[in-house]
Amino acid sequence: MNSNKPTAYNNRLGIKGWVYAGKYTFERYLYLGHRLTGMGLIAYMLLHIIETANRMRGVEAWEGLMGLFASWPFKIIEYLLFAAAVFHALNGVRLLMTELGFFLGKPKEPVYPYSSSIKRHRPLTYIIMALAGLIIILGGSSLFFP
Amino acid sequence: MRETRLWSWHLLVIPIIIVLLGAHFAVMHYAPVFYGVSVEEARNFETMIERGKSVAQLVLYVLLLAAALYHGLYGLRGIIRELPMSPALGKIVDTSIIGLGLFIFAFGTYVTWWTFSFKIGG
Ligand code: HEM
Ligand code: HEM
């Protein structure tokens, strides 16, 4: 562990290790998505607090800004933000269930072939991700077909 | 112990975010579906002020502000602190994130208060 050779374990791969450090499973890519959407959401939120403070500059400033947000490029950005929030929230619920130990079944003897908690959760993972996909598709309807 | 407590809060505020951000999206993004008004209408100056003048909105916005900022910034701190860095640099990262969080929280609260105490027509 103390060698200077970059591995996923001592985190010397740094940011590169987020994407690839050998064969990654489905959940590992969800982790990447969770991380990227989390960073996107917090970046958006910080800008959002500053941007909505524009209301203090009066009606014109506010309406100008909202007019800008009603334009197509911003509608698409808003939709991406919505999609990121839905993915992050639902995947976050999955993480909570895993971390708090829900639906993992009773502990049993580790007999080959081993079943990891991740594997036992996988059907649930697929259901949650399908639900996220559905909400994201439905969420576009009110934006693109008013 | 301290780190465990900070992490627990990261998870404990999640229910607040789910409910309030869900409601926020319903008002802002799904206005045509839930309120029968256009997105533009939901976001115009008068509607925004009218919304902000209720005590419930004041409390809920400040709550969302606090919960989402804490959750998001704690997450960001984790991401940055995971990268190889010296303890001194780690301290600088922590202090900067706390400073940023407190500043944005104070500013957001002030803006929400400004809306709450806005005098229509005056
Ligand atoms: C809507 C409900 C949300 C849920 C259910 C949720 C859930 C979670 C969970 C469970 C984690 C921790 C993962 C772990 O410790 O393994 C997490 C991390 C994170 N969340 Fe959220 N979250 C939500 C909203 C938000 C919002 C609004 C923001 C931004 C303001 C945000 C930003 C982050 C960041 C930056 C991380 C760190 C990601 C990482 O370490 O890779 N989350 N979220
Ligand atoms: C579809 C995307 C979004 C839109 C269109 C939107 C729109 C708005 C608008 C117009 C306001 C001004 C207050 C009002 O009109 O009642 C506001 C305030 C606020 N929004 Fe959002 N929002 C969005 C997403 C988010 C997200 C993702 C978060 C949190 C991570 C968030 C957190 C807040 C907070 C905390 C305030 C209060 C600001 C303050 O106290 O200064 N919003 N939003």
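These legends describe close-up views of a predicted model.

**View 1. The shell around ligand 2.** Ligand 2 is surrounded by 23 residues. Closest are His48(A), His24(B), Arg51(B), Tyr61(B) and Thr112(B). The site is shared between chains, because residues from chains A and B surround ligand 2. By class, the shell holds 13 nonpolar, six polar and four charged residues.

**View 2. Polar atoms facing ligand 2.** The side chain of His24(B) places an N or O atom 2.8 Å from a nitrogen atom of ligand 2. For Arg51(B), a side-chain N or O atom is 2.7 Å from an oxygen atom of the ligand. Tyr61(B) has a polar side-chain atom 2.7 Å from an oxygen atom of ligand 2. Elements giving two or more residues to this shell include helix 4 (72–99) of chain A and helix 6 (55–82) of chain B. Helix 2 of chain A has the largest share, five residues.

**View 3. The contact between chain A and chain B.** Chain A brings 35 residues to the contact and chain B brings 33. Together the chains bury about 3,100 Å², with 73% of it on carbon and sulfur atoms. Seven residue pairs are in polar contact between the chains, both residues at pLDDT 80 or more. On chain A, helix 2, helix 3 (59–69), helix 4 and helix 5 (117–144) each supply at least two residues of the side that touches chain B. Helix 2 gives the most, with ten residues. That side of chain A has 22 nonpolar, eight polar and five charged residues.

**View 4. A salt bridge across the interface.** Two salt bridges are counted between chain A and chain B. One of them pairs Glu78(A) with Arg43(B). Their closest N and O atoms are 2.8 Å apart.

Technical notes. Residues numbered from 1 in each chain as written. Chains lettered and ligands numbered in written order. Predicted model: local features only at pLDDT ≥ 70, side-chain atom pairs only at ≥ 80, totals over all residues. Heavy atoms only, no water. Near = heavy atom within 4 Å. Polar contact = N/O pair within 3.5 Å; in protein donor to acceptor, adjacent residues only side chain to side chain. Helix = DSSP H or I, 4+ residues; strand = E, 2+ residues; numbered from the N terminus. Nonpolar A, V, L, I, M, F, W, Y, C, P; charged D, E, K, R; others polar. Contact = heavy atoms within 4.5 Å. Buried area = accessible area lost by both parts, 1.4 Å probe. Salt bridge = Lys/Arg side-chain N within 4 Å of Asp/Glu carboxyl O.
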